[in-house]
Amino acid sequence: MSNATMEFTRKELIAAFISRQMQNDDAVSFPAGIPEVRVGVFLANLTHAPDLKIQTTMSQINVHRESKLEDCESAMDWRFYRFTEGFYLHHECFDFAAKHSTAFFVGGIQIDQFGNTNLIGLGADHKKLDFRGPGSLGSTTMATQAGRYYIYTNTHNKRVFVESCDFISAVGWGKGGADARSDLGLPGGGPKYVITPLCVMDFEEASKALRLKYLHPGVTKDEVLSNTGFDLIVPERIEETSLPTRSEIEIIRDRVDINGMLRA
């Protein structure tokens, strides 16, 4: 059977891109409630990364031998524990996972040009927020220590991509510069990519400011720029996000996303 691509949704495209970021020797922590990230991580484990260590809130799982997976909206979902290879004690789960994670995913209700993210809330007064976010939970620790991490958002507009976050729950590249994290004493590798419904962005090497890297099929450069609230670095050549293969789409639909959440 040809492995040429077949019809896919943008969410499936994103999941396939995320899958390709995972390596066989990675230990990844991720928000299980985000379908694109969950499907991407599981797709990697089912295909090219059979030894991938998937770290949830209190356990380490592996799904490589599973024929089909049920949709789990939370890392605390009991169905996760069928695939458990080991447990963490509750009081050490975030610290242990952070120190042993080579990859991590985090979101943000605000994201600035240096990859700092805000999950706390919006407003000038932390005691009286205009909008309360979900809170940082363990993301501050994870983003500080993980080998590398990816920022994911399912919304790309000027309310999310802002010049300055009202609060910072996870420090990316601080105020910018290649030495920004080391100057702050942060041991982890920092954010690698920002993944959105429109594009993938990376960080320019010297300034560590966000740079347009890949455009998803059907998205224009102007569409990205008009929905970003700061000056985004635009290289002379912009690549298109790699398309998922037929095999990847078939595995996503038949074994991972069997309820079709990424097709909705």
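A disulfide is taken here as a pair of cysteine sulfur atoms within 2.5 Å, and by this rule the count comes to zero disulfides. In general, a disulfide is a covalent bond between the sulfur atoms of two cysteines. Cys165 counts as buried because its relative accessibility is 10%, and Cys199 is likewise buried, at 0%; buried means under 20% relative accessible area, exposed over 50% and partly exposed in between, with a 1.4 Å probe and protein chains only.

The model is predicted, so local features need pLDDT of at least 70 and side-chain atom pairs count only at pLDDT 80 or more, while totals for chains, interfaces and linings use all residues. Residues are numbered from 1 along each chain as its sequence is written, and side-chain values use heavy atoms, with hydrogens and water left out.

We can turn next to the nonpolar interior. A nonpolar core is a set of buried Ala, Val, Leu, Ile, Met, Phe, Trp, Tyr and Cys residues joined through side-chain atoms within 4.5 Å. The largest such core holds 34 residues, of which Val41, Phe42, Phe105 and Ile195 touch the most other members. At least two residues each are supplied by α1 (10-21), α2, β5 (103-106), β10 (149-152), β11 (191-195) and α7, where helices (H or I, at least four residues) and strands (E, at least two) are DSSP runs numbered from the N terminus. Helix α2 gives the largest share, seven residues. Beyond its neighbours within four places in sequence, Phe105 is in contact with Ile18, Met22, Val28, Ser29, Phe30, Pro31, Val37, Val41 and Tyr150; contact means heavy atoms within 4.5 Å. A second, separate core of 28 residues includes Val106, Met142, Val160 and Phe230.

Helix α2 (residues 35-46) also packs against helix α7 (residues 246-256): their axes come within 10 Å and cross at roughly 105 degrees. That makes α2 roughly perpendicular to α7. Axes are lines fitted to C-alpha atoms, for helices over the stretch in contact, with angles from 0 to 180 degrees between N-to-C directions; under 35 degrees counts as roughly parallel, over 145 as roughly antiparallel, 65 to 115 as roughly perpendicular and the rest as oblique. On the α2 side, Val39, Phe42, Leu43 and Leu46 meet Glu248, Ile251, Ile252, Arg255 and Val256 of α7.

Also in helix α7 is Asp254, which counts as partly exposed because its relative accessibility is 47%. Apart from its neighbours within four places in sequence, Asp254 is in contact with Ser67 and Lys68. The C-alpha atoms of Asp254 and Lys68 are separated by 7.2 Å, although the two lie 186 residues apart along the chain.
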